[in-house]
Structures are given as C-alpha cells and as structure tokens.
Amino acid sequence: MTVDFSPLIAWPCFAALTLAAAVLAALGVWRGVRGAWLRAAALAAFCLAIANPVLFQEEREPLSTIVAVVVDRSQSQENGDRRAQTDQALEGLKERLARFPQIEARIVEAADGEETEAPSTKLFGALATALADVPPARVGGAIFITDGQIHDVPDVNQKLGFEAPVHALISGEPDEFDRRIEIVSAPRFGIVGEQQKMTFRVVDDGAAPGGSAEVTIRLNGNEIATEQAEPGTDVPFSFTVPRGGNNILEFAVGPVAGEVTETNNRAVHVLDGIRENLRVLLVSGEPHAGERAWRNLLKSDAAVDLVHFTILRPPEKQDGTPINELSLIAFPTRELFVDKIGEFDLIIFDRYQHRGVLPILYYDNIAQYVENGGALLIAAGPEHAGDDSIAATPLAAVLPATPTGVMNEKAFFPRLSEEGKMHPVTRGLEGAADEPPAWGRWFRTVDVDRPLGQTVMEAADGKPLLVLNRVGKGRVAMLLSDQGWLWARGFEGGGPHVSLYRRTAHWLMQEPALEEEALTARAIGRTLEITRQTIEGDPGQATLTYPSGRTQEVTLTQRDPGLYKAEVETDEIGLFEVSNDELTTLVHVGNVDAPEFKAAISTKEKIQPWAEKTKGLVRRLADADGPVDLPPVLPVRGAVRVADDQRLSLRMTDETVLKGIDSLSLFAGLFGLAALLFLISATWYREGR
C-alpha cells in the first residue's frame, strides 16, 4: 500500500500557495493571535486537499517456482536396469513435486546428440534450453536423472544463469566395472600397399578385475592379427592398406564377466586408402588409327603413369640402316617383362602380334604375372586372327577366348549382352538403352570360339565383342575389335568410348566399385543405404546386424539391372554388419570416436562439483539389487545456504505478478469536504469567542 500526490494545480503554484500559507500560519503563531493554531490547521487541510493525496493498493499474485527435471535418455541408459530405474524415479519425482502447488516442474528428456554430431549426453545444454524463457529469480533448482556420464558439464567456475541447487539422482549400480578399448592415434589416409602405424589402448573403468586382455584386429571384416594388451598401456600396431577407398579397422577386446556393457569392447577406425599413380604399360604392335585413342585416354588420367611403346621396326624389317643411326628407342623387353613386370598395375597389348620382339619365354612371364594378381587387356585387330597371333604363344593359358582365324567384316552396332546390362563395367552406358543403340557403328571383329568369363558386349549376330574373365588372382579383358577409335572420332555421332575404356581398365585393376558381385553400405545421418551388385539375379534378403547384436532382415529392391538397394532408418549408433549370401560389409553410423561409447559406468564424480557449489545433493537411486529410493523435497524460502544430504532443497521464489491497482483519493468527496468545513467552522467558532 502506497500514498501518492496528484496536485489539482501545477506544482510551482502549489509550492507558492503552500509557502504563503506556512508564512501566515507562522506569523499568527509568532504574534500570539487567538486561534492561530486552528487557522494553521485549516490552511494545512486546505493545502492537503489541493495536493490531492491518493492511496494506492496493488493486487498481486505469487508466481510459481520453476524446477527443471532433466532426464537422461542417451544410449548408455540402456545398460542394465538404468532405464527402469530412471522411469520409476521420474514418476516418483513428478508425484512429489505435485504436492507443492507453488512448484511447476519442467520435464526435459535429453537423447543423444543430433545426427550430425558425435553421439553424446548433453544434459546441461538441455537444461539451458528448458530455462531459456524463465527469469533467474523464478528458478528453484535443477534435478538430473542420469547415470552420471554427462559430456557437456561446464567448468564449475562458470555461471549457470540461476542461483539455485543442482541435484543429481544417479541410475545404475554402485561398484560397476567395465572394460573398453580406444584408438589413441591413427592416420586418416594411407597409401595402398604401404604399411601404416597406429596405437590402441585397453582401459578398465571402475573395479575391473585387471589382467591382460586379448585384442582381435579385423580389417574390412577379415581377421588380420591378435594382440595381448595390458589395461592402461598403449599398444602399437602396424598394418598394410589393402585397397583404395574406405578401409574399416576393428579392434575387439574380449568381454569380462559382469561388465556393464560389451558395446564399447569394439573400437573402429576408418582409413581412406589412396592409390599411388597407377602404372600402365601400353604396347602397340604397329601404328594405327586406334592407337591415339588409347594413348589420349590414359594420358588424360592424372592418376595414371603411362609407359607406351609402339613397335615401328620389327626384327624382320631390315633396310640396311646402321643401328647407331636409327632415331628409335630400343624396346627394353627384359627390363619390362622380367625385371619390372611386377611394378605395373595393367599391361595393354594394342593390336600386338608375335613377331620375334618378345622371346617366347616372356609370354609365360606375362601369364604368371596375371595369375599372381596382374591385369591384362588385349585390344585385338586382324593380326589376332593371323598366324602370328599372341593366342598361339604361352599367353593363351590366360586368354578367355581363342580366335578361329576368321574376321567378321560386317557393320554392326555394339550392344550390351544380358550379362552386360547387369555388369558394372557396362551397365548404364550412355545410349545403350535405345534400339538401335544411340552410338555409331563398328565394322569388323575377331571371330573366337566360345569364350570363358562374361561376354558383356556383343557384335553382329551375337558374336562376342568385349569379354571379361578372372584368372587366378588376376584379370583379363579382350576387346575383339580395333575400331573403338570410330567413337573417339565422332563417327555417326560417336559413342561412350571414354567410359567404356576407363571402366574396363579400372575393373582389371580390381576397383571395388566395379565388382560384379559386391555388397556395400554407407551411412547418411542415421539412414543406412545398402547396395548389392550382382549378375546372378535376385540376391534375396540381406541381414543387418546392429551394434547391440540384434538382427533385421532387409528386403533389397531392384533399381537397375544387376543393382539392388535398400534404405534402413537406424535407432542405434555404432558398427553395423550387412551380409548377403557369402558377402559381408561393415558400416559405421555416427562418429567413430563418440563420447557415448567410451566410459559407461555410472558415476557421481562429474556432477558432484556443481552439487557442492550450489548446495545440491548427488545420490544413487538404488543400492545393489535394491529398490529405487527417492529423497524427499524440501522447499526453502530465500537462498539455500546449507546443503542437505538427505533432501532435495529447492529455493522458493518471492516473485509476483501485478493483477490490478485500487486507488482512493483521501481528500476527495464528502470526507475531504467535511474535514475542511470542520476546521473552517472551528476557526469561525474560535473567532466568535
């Protein structure tokens, strides 16, 4: 209740009037005039009436005290009975807070981080969001229901934005222990075929039994090593990068009986394999129109180191010119096909024929090179059907087709075979879907017997045109025509010679993306995209194994010939395994170094400093195998100055909201008039005496 003045005249006039009245009253009192005090009282009442005093009374409503209850719903809460304890504690806490009408509970459930982040438990971020619209004076406290593994705990010297207790109710069991493995250091990139070094560590959290641990190491799903590790000790490890693209290293430590979870018994590192420049040897048997097409294609690829020889002067060509006067480079046959043959990723014979340049033994070296993992491409022309064909050398042991000695001289549109429509080398070639194909014609092919492997392109009358085959660990391709250069020159609109040649070369060099039988998977956020390539028809369902161990059958849908896909929304983070037939692949969803999958034991240590600073309470929800026991709630008026180790102290707010104001003019109306009349009458009465 307050009194305010609202003069009926301006303040300067009121001040002058009041001063004059005060002077008159003082003069009368000083001279001892009869009735001076009554006159002074009348003047004071008159001035007070002009001052117009108003009595104000505010109508206020008390505001509720906001208490934030932050519930940990991260993946670590799935361990043991933590979720059940959390749910039970939440219901009990709601019931206890509801007993106090002046308390308003704000329930916030915080899951793992966003899809673009490393999965983690960010409860303080959720608390700040929940109280963003609440004045600090109205916050009565914060209660966390969590296992204690919080990854965004601010420094205790920072400010939370309110002055109230912070409590934590810890789920999980006391004296938990857990064994986990983590990557200490590892490269992100590695050269294919070279050794890389990394370091890992086995960690025992809590009251673990100790002792050495056996670590199984897998690379792209294949076991490559087993190491013994002492917990807490860094262990170095070396491996060779097997392929380009993603390589997944998995370190798995054996489980310990009674540990909290086995989810963190595996650690994953993804390394990108980078190929050094591919070394390609191109040997042209003679100058011809198609030679430049091969050379231009290979030279335009920055990832290819090309060594190119063209046989310009075969041994039988004798014109009497002295050898020392010839401006030709001698063909270094021994260096290329004996000493350094293993250094090449691909050998191409372009219209090459056996004319005595290569000793017959060297063809056997080339065949062994293929069987040991090398790649050979034969681009054949009329010479392949002649008497000097390389098919009549020991190289025939690795060739997928034998020439009949006949050339098919007939114009034709190269077409994809049924296998070719499904094979990744030729699937989706631009123009292949039209009939006739939307590219130019060719005019001759080498006739061959029934080939081995896959015939992915056909010539006139269904004759083989492009044949792909595996031999031992290596691969061989035969292009049974020398007229691909017509596409390169744009004849009749040209054709996709660049795509065809490049895909063929990369298939020969065992590019994983061009495998005809392949299973791959990638993660887009928390969506898994599974891709199955096959030339064997419908592959059936794929089996998806989650990090938790549960499995799910996934139906693969055909998107293109030989290409099947599926998308799966996942609710877990970690390493997934996809299998179909005899193929398996691994894919990691989320950050491979996510905090959520590191320490897993429940703990009070992380939140304890904040509880001590704010006079809060940190307490376990249950003892070992015991029921959930919630502490009572204690409302406190004013600041909480003393910590209570048995109750959840909450600071009650004094904040109110103004609902209305009642006002009363003290000298207005009958009351003011009566007071003035009384004093004036008293003055008159005194004068009459």
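This is a predicted model: local features need pLDDT of at least 70, side-chain atom pairs count only at pLDDT 80 or more; totals for chains, interfaces and linings use all residues.
User: What percentage of the residues count as buried?
Analyst: Of the chain's 689 residues, 48% count as buried. Buried means under 20% relative accessible area, exposed means over 50%, and partly exposed covers what lies in between, using a 1.4 Å probe and protein chains only.

User: And how many helices and strands are there?
Analyst: There are twelve helices and 36 strands in the chain. Both are DSSP runs numbered from the N terminus, where a helix is H or I with at least four residues and a strand is E with at least two.

User: Switching to charges: how many salt bridges does the structure hold?
Analyst: The structure holds 35 of them, a salt bridge being a side-chain nitrogen of Lys or Arg within 4 Å of a carboxyl oxygen of Asp or Glu. One of them pairs Arg83 with Glu78, whose closest N and O atoms are 2.5 Å apart. Arg83 is partly exposed, because its relative accessibility is 31%, and Glu78 is also partly exposed, at 44%.

User: What does Glu176 pair with?
Analyst: Glu176 meets Arg82 in a salt bridge, with 2.8 Å from N to O. Glu176 lies in the loop between strand 6 (166-170) and strand 7 (177-185), whereas Arg82 is in helix 3 (residues 82-98), so this pair ties together parts that are 94 residues apart in sequence. Both Glu176 and Arg82 are buried.

User: Which residues are linked with Arg180 in a network of salt bridges?
Analyst: The network links Arg180 with Glu182, Arg201, Asp205 and Asp234. Within that group, Glu182 and Arg180 form a salt bridge whose closest N and O atoms are 2.9 Å apart.

User: Why does Arg180 count as buried?
Analyst: Arg180 counts as buried because its relative accessibility is 11%, and Glu182 is buried as well, with a relative accessible area of 16%.

User: Which residues form a positive surface patch?
Analyst: Arg292, Arg295, Lys299 and Arg489 form one. Patches are made of residues with over 30% relative accessible area and no salt bridge, joining like charges within 9 Å and nonpolar side chains (Val, Leu, Ile, Met, Phe, Trp, Tyr) within 5 Å. Lys and Arg count as positive and Asp and Glu as negative, while His and the chain ends are not counted; the place of a charge is taken as NZ of Lys, CZ of Arg, CG of Asp or CD of Glu.

User: Okay, on to strands: where is Thr656 found?
Analyst: Thr656 is in strand 36 (residues 656-665), and it is partly exposed at 32% relative accessible area. Thr656 and Leu63 are 593 residues apart in sequence, while their C-alpha atoms are 4.9 Å apart in space.

User: What share of contacts do residues 24 or more positions apart account for?
Analyst: They account for 72% of the chain's contacts with a separation of 6 or more, where contact means heavy atoms within 4.5 Å. Thr455 is buried, with 15% relative accessibility.

User: Now the backbone: which residues does a cis peptide bond join?
Analyst: A cis peptide bond joins Glu435 and Pro436, with omega at about -5°. Pro436 is in the loop between helix 8 (418-422) and strand 21 (445-448).

User: And is Arg351 buried or exposed?
Analyst: Arg351 is buried, with a relative accessible area of 10%. Its phi is near 50°, a positive value in a residue other than glycine. Asp461 is not a glycine either, and has a positive phi of about 60°, but Asp461 counts as exposed at 63% relative accessibility.

Note on methods:
Residues are numbered from 1 along each chain as its sequence is written. Side-chain values use heavy atoms; hydrogens and water are left out. Accessible areas come from the Shrake-Rupley method with a 1.4 Å probe; for residues, only the protein chains shown count as cover.
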